[in-house]
Structure formats: structure tokens, C-alpha cells
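Let's take a walk through this fold together, starting with its rings and ending with its charges. Have the coordinates open as you read.

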Amino acid sequence: MVTHQEMSNKELTERIRNKNILVGGNVKLKIYGILGCKSGKRLKKENRVFFRSVCEAQELGYRPCGHCMRPEYKNWKNGSF
């Protein structure tokens, strides 16, 4: 996991292009979602974190976003995650 504040926008873009970052999240709410999620794009920079994979986010206790990952969120909510 890496926070948005730890890197410049140029470095972030490079990591995304190189597929070193695949998922974004909210550190306060412990939610993760796809990088193009409208909810995620509205986050404050200090609350935004990035992960290499969905597995990494889940291992750190984050849950799927209810907007951009609706099927995964429903599975998580029903306990079949």
C-alpha cells in the first residue's frame, strides 16, 4: 500500500502505466475500488491510497466499493467474500 501523498502525480501516472498500481482506496473508510471510480476520484489526496492488487487491499482489511464493484460488495456484505 502506498499513499497518494508519498508520490508526485508523475510518479503515480508511471506506476499506473507499469501496472504497479491497479486499485485505489480510502484510508479512513477502508474501502477499495477501481481507479476510474467516480467516488474514488472525489477523495481528498490525504485519504487516498493505492494497492498493487485486490488481494493486497483485502489482506489489509479493506472492503469493496459499493459503486464501482457492486457484485464484490454484495458478496462482501453477505459474508461470502
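**From ring pairs to the sheet**

Two aromatic pairs turn up here, counting rings of Phe, Tyr and Trp (its six-membered ring) whose centres lie within 6.5 Å, where planes under 30 degrees apart are stacked, over 60 edge-to-face and the rest tilted. One of them joins F51 and Y62, edge-to-face, with 4.9 Å centre to centre and 70° between the planes. F51 belongs to strand 4 (residues 48-51) while Y62 sits in the loop between helix 3 (54-59) and strand 5 (63-64), so this pair ties together parts 11 residues apart in sequence. Helices (H or I, at least four residues) and strands (E, at least two) are DSSP runs, numbered from the N terminus. F51 and Y62 are both buried; buried means under 20% relative accessible area, exposed over 50%, and partly exposed in between, with a 1.4 Å probe and protein chains only.

A word on the source: this is a predicted model, in which local features need pLDDT of at least 70 and side-chain atom pairs count only at pLDDT 80 or more, while totals for chains, interfaces and linings use all residues. Residues are numbered from 1 along each chain as its sequence is written, and side-chain values use heavy atoms, leaving out hydrogens and water.

Back to strand 4. In a regular strand the side chains alternate between the two faces of the sheet. Here R48 and F50 point one way, V49 and F51 the other, and all are buried. Which strands does strand 4 run antiparallel to? Strand 1 (residues 2-3) is joined to it by two bridges, and strand 2 (residues 23-26) by four; two strands pair if DSSP finds at least two bridges between them. T3 stands opposite V49, N26 opposite R48, and G24 opposite F50.

Stepping back, five strands make an open sheet with mixed pairing, in the order 1-4-2-3-5. Strands 1 and 5 stand at the edges with a single partner strand each, so one side of each has no neighbour in the sheet.

Now for the charges. R63 lies over the face of W76, 5.3 Å from the ring centre; the criterion is NZ of Lys or CZ of Arg within 6 Å of the ring centre and within 35 degrees of the ring normal. The structure also holds one salt bridge, meaning a side-chain nitrogen of Lys or Arg within 4 Å of a carboxyl oxygen of Asp or Glu. R15 and E11 form it, at 3.0 Å, N to O. Both lie in helix 1 (residues 9-17), four residues or about one turn apart. R15 is partly exposed at 27% relative accessible area, and E11 is partly exposed at 33%.
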